[in-house]
Amino acid sequence: MAEKRYVKLTKEQAALQDITPGELHQPIEVPQYNVRRCVECGQVLPETYQPPADEDWATGICGCAEDTDSCWTGLFCPCVLFGHNVEAMREDIPWKNACICHAMCVEGGMALAAATAFFNGIDPQTSFLIVEGLFFTWWMCGIYTGLFRQALQKKYHLKDSPCDPCMVHCCLHWCAICQEHREMRNHLSEDASTESTIVSPPPVQEMNSHDENKESTPIDEHNNLQIQPV
């Protein structure tokens with residue numbers, strides 16, 4: 001009789017790893033499926049696609065009288081109104097920071113021009129220096145506030161009205177600030193009305209003992225039936 005030989009199987013054990021509950025059931029992102037699609041036809045959109053800016057502004061550039069509060073604030077304190085506009089659009093930027101930047105460009109330029117004229121008088125050289133300083137500060141303010149208007153148009157898909165954002169602020173700065181305030185106020189009011197929709201659950205139905213007695217009565221009568229001879 002042949003001798004039976006047994007081979008002892010060995011297995012190299014690796015270091016054990018601690019697995020938290022639910023760690024193996026995490027969702028996996030597949031780049032091929034994480035794409036943007038067209039709402040109407042479902043076609044895959046490229047990464048560089050930007051929706052067309054074809055939406056009209058809620059109010060016109062000269063509609064300052066439609067909101068008297070923002071009109072007076074923008075006329076006498078444009079830096080404050082601009083600061084609140086920036087804070088309403090971007091919560092990470094306090095309104096005081098945007099207000100100070102605006103004041104340095106517009107109000108600071110006007111104050112510097114007035115101080116130069118007061119101490120040096122009005123002469124050709126001083127007038128040229130004042131005009132040059134005002135032009136530079138106004139140009140910087142137009143670029144700074146125009147970038148904010150451009151971001152606002154990109155967020156709400158608004159068209160250039162009446163022209164380029166920076167050019168609008170260079171030519172109609174006070175009117176542009178008031179228009180942007182009215183536009184954001186209209187969009188924020190629409191978002192608030194959408195979020196405030198509350199759906200109440202149906203009322204809880206309960207069964208009292210009186211209804212149970214009514215349902216149990218026919219069953220008792222059926223059980224008390226007797227067979228009578230004909």
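Me: Is His157 buried, exposed or partly exposed, and what is its relative accessibility?
Reply: His157 counts as partly exposed, because its relative accessibility is 30%. Buried means under 20% relative accessible area, exposed over 50%, and partly exposed in between, with a 1.4 Å probe and protein chains only. This is a predicted model, where local features need pLDDT of at least 70, side-chain atom pairs count only at pLDDT 80 or more, and totals for chains, interfaces and linings use all residues. Residues are numbered from 1 along each chain as its sequence is written, and side-chain values use heavy atoms, with hydrogens and water left out.

Me: Where does His157 lie?
Reply: In the loop between α4 and α5.

Me: Which residues does a cis peptide bond join?
Reply: Ser161 and Pro162, with omega at about 0°. Pro162 is found in the loop between α4 (124-156) and α5 (165-171).

Me: New topic. How many helices and strands does the chain have?
Reply: Seven helices and zero strands. Helices (H or I, at least four residues) and strands (E, at least two) are DSSP runs, numbered from the N terminus.

Me: What share of the chain is buried?
Reply: Buried residues make up 22% of its 230 residues. The chain exposes about 18,700 Å², and carbon and sulfur atoms supply 60% of that area. Accessible areas come from the Shrake-Rupley method with a 1.4 Å probe; for residues, only the protein chains shown count as cover.

Me: And contacts: what share is between residues 24 or more positions apart?
Reply: 66% of the contacts in the chain with a separation of 6 or more. Contact means heavy atoms within 4.5 Å.
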